[in-house]
Amino acid sequence: MERYASVERITNETQISLSLNIDGEGKSELETGVPFFSHMLDLFTKHGQFNLSVDAKGDIEVDDHHTTEDIGICIGQALREALGDKRGIKRYGNAFVPMDEALAQVVVDLSNRPHLEMRAEFPSSKVGTFDTELVHEFLWKLALEARMNLHVIVHYGHNTHHMIEAVFKALGRALDEATTIDPRIKGVPSTKGML
């Protein structure tokens, strides 16, 4: 059974059409209007082995906030829908990714209990035109809408681009692990009987 979902979100600030295939090939088609963020989503998709299509038009003449936030909302909603009842998934994922001098770790639990814990201090407030505070905004909305427990730790680094790149690669890899079907798991991986 294909684990796929598509989402549309239309507000006065953004118009987004998005599709996600969990069991993909690492292929992305991205039109976000936010070049650095598109680069990060491409890395996330490649390292997660997802297929992700995003067509987003937002009020980037103001700033990148609404577009970045709303794409996080849409990816989270698509991930939650595509996972269905989560039968047979590993549920937990953990990935360390080095990027030159930077090292990031992402740990996820597809628990149906949304929470973001982030430990990262970026040396620069911008990468190109992208506000680095939007990394937290994206991750929080993703965790909230996917209803997952998401821990992000940048252990060290001094190049902000490298640090954020390591986070997005680790996020993809951790989610790839957590969404993997394990044939040993019968039902959902919880003593509660549901996630």
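**Reading the features**

Author: Asn21 lies in strand S2 (residues 14-21), where helices (H or I, at least four residues) and strands (E, at least two) are DSSP runs numbered from the N terminus. This is a predicted model, in which local features need pLDDT of at least 70 and side-chain atom pairs count only at pLDDT 80 or more, while totals for chains, interfaces and linings use all residues. Residues are numbered from 1 along each chain as its sequence is written, and side-chain values use heavy atoms, with hydrogens and water left out.

Reader: Is Asn21 buried or exposed?

Author: Buried means under 20% relative accessible area, exposed over 50%, and partly exposed in between, with a 1.4 Å probe and protein chains only. Asn21 counts as buried because its relative accessibility is 10%. Contact means heavy atoms within 4.5 Å, and, leaving aside neighbours within four places in sequence, Asn21 is in contact with Glu2, Arg3, Tyr4, Phe50 and Asn51. A polar atom of the Asn21 side chain also lies 2.9 Å from the backbone nitrogen of Asp23.

Reader: Which residues does Glu69 touch, not counting those up to four places away in sequence?

Author: Glu69, which lies in helix H2 (residues 65-83), touches Glu137 and Lys141 on that count. Glu69 is buried because its relative accessible area is 16%.

Reader: At what angle do the axes of helix H1 and helix H4 cross?

Author: Axes are lines fitted to C-alpha atoms, for helices over the stretch in contact, and angles run from 0 to 180 degrees between N-to-C directions. The axes of H1 (residues 35-48) and H4 (residues 160-179) cross at roughly 35° and come within 7 Å. Among the residues that meet are Phe36, Phe37 and Leu43 in H1, and Ile164, Phe168 and Leu171 in H4.

Reader: How many helices and strands are there in the chain?

Author: The chain has four helices and ten strands, and along the sequence they follow the pattern β-β-β-α-β-α-β-β-β-β-β-α-β-α. The radius of gyration is taken over C-alpha atoms, and the globule rule is 2.2 Å times the number of residues to the power 0.38. The chain is as compact as a globular protein of its length, because its radius of gyration of 16 Å is close to the 16 Å that the rule gives for 195 residues. Of contacts between residues at least 6 apart in sequence, 76% join residues at least 24 apart.

Notes. Polar contact = N/O pair within 3.5 Å; in protein donor to acceptor, adjacent residues only side chain to side chain.
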